[in-house]
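I opened my notebook to look up a few things in one structure. Here is what I looked at, entry by entry.

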Amino acid sequence: LQQSFQIFPLINQPKLGLDLYSKYICNIINDKSRDIIVLQKKKLSIPQSFLHLFKMCSMIINNHSQIIIRFYNDDKKSMISIMDNLQKEIDLQSSLILDIFMDKSDLQNKKDEFLSDFLIILGYWSMFQKFFSIKYKEFSEDEEMVAQEESHEQSVTHIPKCLADNQFNTKLNTIIHDSFKPLFQKQIKDN
């Protein structure tokens with residue numbers, strides 16, 4: 001794979017190489033996500049499924065970025081297009097797992113369990129968003145700027161557009177609005 005991938009910059013087709021590599025990585029995520037869903041049906045909880053998905057995606061970003069940067073003349077910005085494509089696949093797979101969660105959830109009878117699982121999912125998503133955002137920023141800026149900003153740890157992490165505007169975030173917000181808002185309003189009214 002590495003030999004095939006390193007040919008594209010040499011034949012002046014770096015964009016094609018990045019597109020094909022993105023497809024390769026997205027196929028890995030798709031296959032592993034199917035494995036996670038099968039495992040989830042047997043022994044994993046839904047929150048654990050999200051943890052495995054986000055952990056796997058984080059490892060792919062870390063491991064494959066080194067390969068991409070090496071073959072593309074230390075150009076970290078070449079990772080941006082890969083991360084944009086990768087996020088589309090992550091969005092698709094996380095939305096699929098969330099749909100399974102919502103189908104299995106019994107909000108009427110098991111509110112506490114639903115709330116607990118949903119908050120855990122939000123925590124994993126938040127952790128992955130931060131990781132993704134930091135890596136995206138690292139690959140999109142020159143090293144001097146990153147080093148300067150690292151000295152200011154209080155700075156807020158900028159969320160890339162591909163991460164902020166996706167189906168999974170929309171679904172999470174809909175669940176919060178449609179499921180939790182009425183629960184909280186009812187509880188306030190009863191108290």
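**Entry 1: cysteines.** I began with a term: a disulfide is a pair of cysteine sulfur atoms within 2.5 Å. My search of the whole structure found zero disulfides. Cys 26 is in no disulfide, and the nearest cysteine sulfur, that of Cys 57, is 9.1 Å away.

**Entry 2: what I am reading.** I noted that this is a predicted model, in which local features need pLDDT of at least 70 and side-chain atom pairs count only at pLDDT 80 or more, while totals for chains, interfaces and linings use all residues. Residues are numbered from 1 along each chain as its sequence is written, and side-chain values use heavy atoms, with hydrogens and water left out.

**Entry 3: the whole chain.** How many helices and strands does the protein chain have? I found eight helices and zero strands; helices (H or I, at least four residues) and strands (E, at least two) are DSSP runs, numbered from the N terminus. Read along the sequence, the pattern is α-α-α-α-α-α-α-α. The C-alpha trace spans about 65 × 40 × 20 Å along its principal axes.

Next I looked up burial, where buried means under 20% relative accessible area, exposed over 50%, and partly exposed in between (1.4 Å probe, protein chains only). Of the 191 residues in the protein chain, 39% are buried. I also looked up contacts, meaning heavy atoms within 4.5 Å. Among contacts with a separation of 6 or more, residues 24 or more positions apart account for 80%.

**Entry 4: helix H2.** The buried residues in H2 include Gly 17, Tyr 21, Ile 25, Cys 26, Ile 29, Ile 36, Ile 37 and Gln 40. I wrote a reminder beside that list: an α-helix has 3.6 residues a turn, so residues three or four places apart point the same way.

Cys 26 turned up again here, and it counts as buried because its relative accessibility is 12%. Cys 57 is buried as well, with a relative accessible area of 0%.

**Entry 5: helix H3.** I picked Ser 49, which is found in helix H3 (residues 46-71). Is Ser 49 buried or exposed? At 1% relative accessibility, Ser 49 counts as buried. Leaving aside neighbours within four places in sequence, Ser 49 is in contact with Ile 36, Gln 40, Leu 44 and Ile 97.

Then I moved to Ser 58, also in helix H3. Ser 58 is buried, with a relative accessible area of 14%. Which residues does Ser 58 contact, apart from neighbours within four places in sequence? They are Phe 128 and Phe 131. Ser 58 and Ile 29 are 29 residues apart along the chain, and their C-alpha atoms are separated by 11 Å.

**Entry 6: helix H4.** Ile 100 has its place in helix H4, and it is buried, with a relative accessible area of 19%. Not counting residues up to four places away in sequence, Ile 100 touches Ile 37, Gln 40 and Ile 46. Ile 100 and Gln 40 are 60 residues apart in sequence and 10.0 Å apart in space, C-alpha to C-alpha.

**Entry 7: helix H5.** The 30 residues of H5 (residues 111-140) should span 44 Å; the end C-alpha atoms are 42 Å apart, which agrees. Among its buried residues I found Phe 114, Asp 117, Trp 125, Phe 128, Lys 135 and Tyr 136. What covers the buried residues of H5 includes H3, helix H4 (78-104), helix H7 (161-164) and H8.

Entry 8: Most residues other than glycine have a negative phi. Asn 12, however, has a phi near 60°, a positive value. Asn 12 sits in the loop between helix H1 (2-10) and H2, and it is exposed, with a relative accessible area of 63%.

Terms used. Expected span 1.5 Å × (residues − 1).
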